[in-house]
Amino acid sequence: MPEQIYIDREKSWLAFNARVLQEAADKSVPLLERLRFLGIFSNNLDEFFRVRFAAIRRLSLSGKTGEKILGGITAQQLIEDITEIVIQHQTESLNIFKEIETELEAQNIFIIKEDEISLEQEIFLKDFFIQKLSPELVTIILNDLAEFPLLKDNMGYLAIKLAMKHQEVRYAIIEIPKTMNRFVVLPSNDDKQYVILIDDVIRHNLKNIFNIFEYETVSAHMIKISRDAQLEIDSDLSKSMLEKISTSVRDRRIGEPVRFIYDQEIEADTLQFFLEKMKIVASDSIIPGGRYHNRRDYMDFPNLGRYDLLYKKNLPLPIPGLSLEGSLLQKISKKDYLLNAPYQSFSYLTRFLREAALDPKVTTIKITLYRLAKNSQIISSLINAAKNGKKVTVQIELQARFDEASNISYAEQMQTEGIELIFGIKGLKVHSKICVIERIEKEKTKRYGFISTGNFNEATAKVYTDVTLLTSHQQILKDISKIFEFFDINYRIHRYKHLIVSPHYTRARFYKLIDREILHALAGRKTYIKLKMNSLSDYPMIDKLYEASKAGVKIQLEVRGICSLIPGVKGLSENIEAISIVDNYLEHSRIYIFGNAGQPDVFISSADFMSRNLDGRVEVTCPIYDQDIKNELIDNFDLGWKGNVKARYHSRLLDNRYRDSNGKPVFRAQLETYIYYQNKVNLLETTFKN
């Protein structure tokens, strides 16, 4: 057996983010989409430092090596390795950005700096600065302050140096406002299009901002700090969970610094001034960058009407046989349906809740909420239901990372409207995606509901791939009702006849399913395991898959993000293949298929194979009983597995090598999946016409 049998999860995550960066570098990706991928890369990295890097840093500062939980590497060594990898990725991202800029100019799109402004643009920007930008600016002169101001987490700042007469130096800081779009589209008299960043509009107006000072030179360089985003939950029993989370979110703004990024062109004395004042030491991650930070803003770069430089938008398709115009409940009462977003319309879920809100026979609605859209139609439908006299119960996860403030706001709004709220269970996040309604039919209660792999969020449903089962299977829905009872009285552990529920049953049940495949393989029966998930990092679960591989079980893994398992190692994992697909949509579905010697069992789940999902959260895995839906999910997995364009191999080398086509025709899995669903619609229409 090789010495290294697991890949460090942090390095594996960085390899995933490098795959996002590959999309930004890929010349076959439309140009403005490449900018978007640069933004996603940057946004991902911000969250990584605020959460994962911060956790490792805390471990390092605790005086513990952390080798046991980090798979054999010390926390301090891991910090050094991560910093080295990130600096390399940042350098690469800057080079990619320069390439994209050059190609944009070939398309007559120019991102200009403050010294490239024309006279006409000067007039426009003067008015823009006075009327819109200047009132939003926060500018602080630093030299004479008794205490250095607290710089906000992940905000962009311009570090200002004013060289005064008589060799005096003053320093200042300007906060780049988040209240405005960072990109300003400038007027043009020709076929060229011009965009300038707010950063450079500020640079252009430094004289106006500091005109009361008699300085000889002024310079401005961007800096950014990332802070530890861990929530510290108050143990005061007199406070509500809502109060505790609200306080903790406010306290996050003063979290310890975990990363400091600076423009590498900054003067040495200016850099030293800020590092000393902010008490940033060598143990923190200090990373040189380019002229601009917060590249996540490029996710919202203006499209300038250049749809030729964007991916063609495929309109979400209908679910064959399920109309948005008729009664969904009536249809679902007869058979199960599967929604696969964004290939199919997420509107089915909002339509389901709107119908339930208005239906006089519906008495109760119960739903779990994790991440919600900015103007959530889901919340509107639930409030509508409450106003119509339905008993609405919502389990809302206040600790959904970086969505806490939004969820607190929605919770307060729902409380005002009389919706009963459940704020979770101490020590357990609720990550399940479930809904059940009760309807009176023939003087009896009948249940309807849905179970999903993803959040009930209209915005992310446009770019995240997730599957949702719409069902009236009474036994499955009875199990969902038991989960809501567990939320209410969580010292009572229920038994579930159909659902697999974390934290009590998921690990043991998946072990049993894998053991069954091992027995089939040892008996000489043809069998397999096909698993699609976001992350695979739980070492005991990986050991179980290694055991299955040694027994001869063929295992196919589609793991979009972290994969701590090392595939293809002789004597350990030679029967395991693992790929990652990174493309236009974010792969988010969890689909688990166990071959069972020709009688496959198929599940959809909210849980990845991570320790937190198996043992530390409330997660729901649902069996699929409808044969057509089983076949559809197996087809979905197989379409992904055939991918040879956007698929990369997982390997010990973390080299993100693209999958070999082996002479086969080009097969882009996400595009082929859309065509698959398009063909289903066309087939139904043809059948209906005939």
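These are my notebook entries on a predicted model of one protein chain.

**Ground rules**

I number residues from 1 along each chain as its sequence is written, and I leave out hydrogens and water, since side-chain values use heavy atoms. In this predicted model, local features need pLDDT of at least 70 and side-chain atom pairs count only at pLDDT 80 or more, while totals for chains, interfaces and linings use all residues.

**Entry 1: the whole chain**

I started with the overall dimensions. The C-alpha atoms fill a box of roughly 85 × 65 × 60 Å along the principal axes. I then looked up the radius of gyration, which is taken over C-alpha atoms; the globule rule is 2.2 Å times the number of residues to the power 0.38. For 690 residues a compact globule would come near 26 Å, and the protein chain has 27 Å, which agrees.

I looked up burial next. Buried means under 20% relative accessible area, exposed over 50%, and partly exposed in between, with a 1.4 Å probe and protein chains only. Of the 690 residues, 58% count as buried. The chain exposes about 30700 Å², and carbon and sulfur atoms supply 50% of that. These areas come from the Shrake-Rupley method with a 1.4 Å probe; for residues, only the protein chains shown count as cover.

Contact means heavy atoms within 4.5 Å. Among contacts between residues at least 6 apart in sequence, 74% join residues at least 24 apart.

I found 18 helices and 27 strands. Both are DSSP runs numbered from the N terminus: helices are H or I with at least four residues, strands are E with at least two.

**Entry 2: the eight-stranded sheet**

Strands of a sheet pair through backbone hydrogen bonds, either parallel or antiparallel. Here, two strands pair if DSSP finds at least two bridges between them. I traced an open sheet of eight strands in the order E18-E26-E24-E23-E19-E20-E21-E27, with mixed pairing. Strands E18 (500-501) and E27 (647-649) stand at the edges with a single partner strand each, so one side of each has no neighbour in the sheet.

E24 (residues 601-605) and E26 (residues 620-623) run antiparallel and are joined by three bridges. Ser605 has Thr621 in E26 as its bridge partner.

Then I looked at what covers the strands. Helix H14 (residues 506-522) lies across E18, E19 (528-533), E23 (591-594), E24 and E26, and runs at about 35 degrees to E23. Axes are lines fitted to C-alpha atoms, for helices over the stretch in contact; angles run from 0 to 180 degrees between N-to-C directions.

E15 (residues 434-441) pairs with E16 in the antiparallel sense over eight bridges. Ile437 stands opposite Tyr448 in E16. Two residues lie between the strands of this hairpin, where Lys442 takes a positive phi near 55 degrees. On to the next pairing: E16 and E17 (residues 464-471) are antiparallel over four bridges. Gly449 has Thr471 in E17 as its bridge partner.

How many of the nine residues of E16 are buried? Seven are, so strand E16 (residues 444-452) is largely enclosed by the rest of the structure.

Helix H13 (residues 474-488) has 15 residues and reaches 21 Å from first C-alpha to last, close to the 21 Å expected at 1.5 Å a residue. That expected span is 1.5 Å times one less than the number of residues. The buried residues of H13 include Ile476, Leu477, Ile480 and Phe484.

Most residues other than glycine have a negative phi, and most peptide bonds are trans. I listed some exceptions.

A cis peptide bond joins Ala341 and Pro342, with omega about 5 degrees. Pro342 lies in the loop between E10 (337-341) and H10 (347-358). Another cis bond joins Ser502 and Pro503, again with omega about 5 degrees. Pro503 sits in the loop between E18 and H14.

Lys279 has a positive phi near 55 degrees. Lys279 is in the loop between H8 (268-277) and E9, and is exposed at 68% relative accessible area. Asn294 also has a positive phi, about 55 degrees. Asn294 is in the loop between E9 and H9. Is Asn294 buried or exposed? Asn294 is buried, at 7%.

**Entry 3: Arg306**

Arg306 lies in the loop between E9 (285-289) and H9 (328-332). Arg306 is buried, at 16% relative accessible area. Beyond its neighbours within four places in sequence, Arg306 contacts Leu32, Gln107, Ile109 and Gln193. Gln107 is 199 residues away along the chain, yet its C-alpha is 9.6 Å from that of Arg306.
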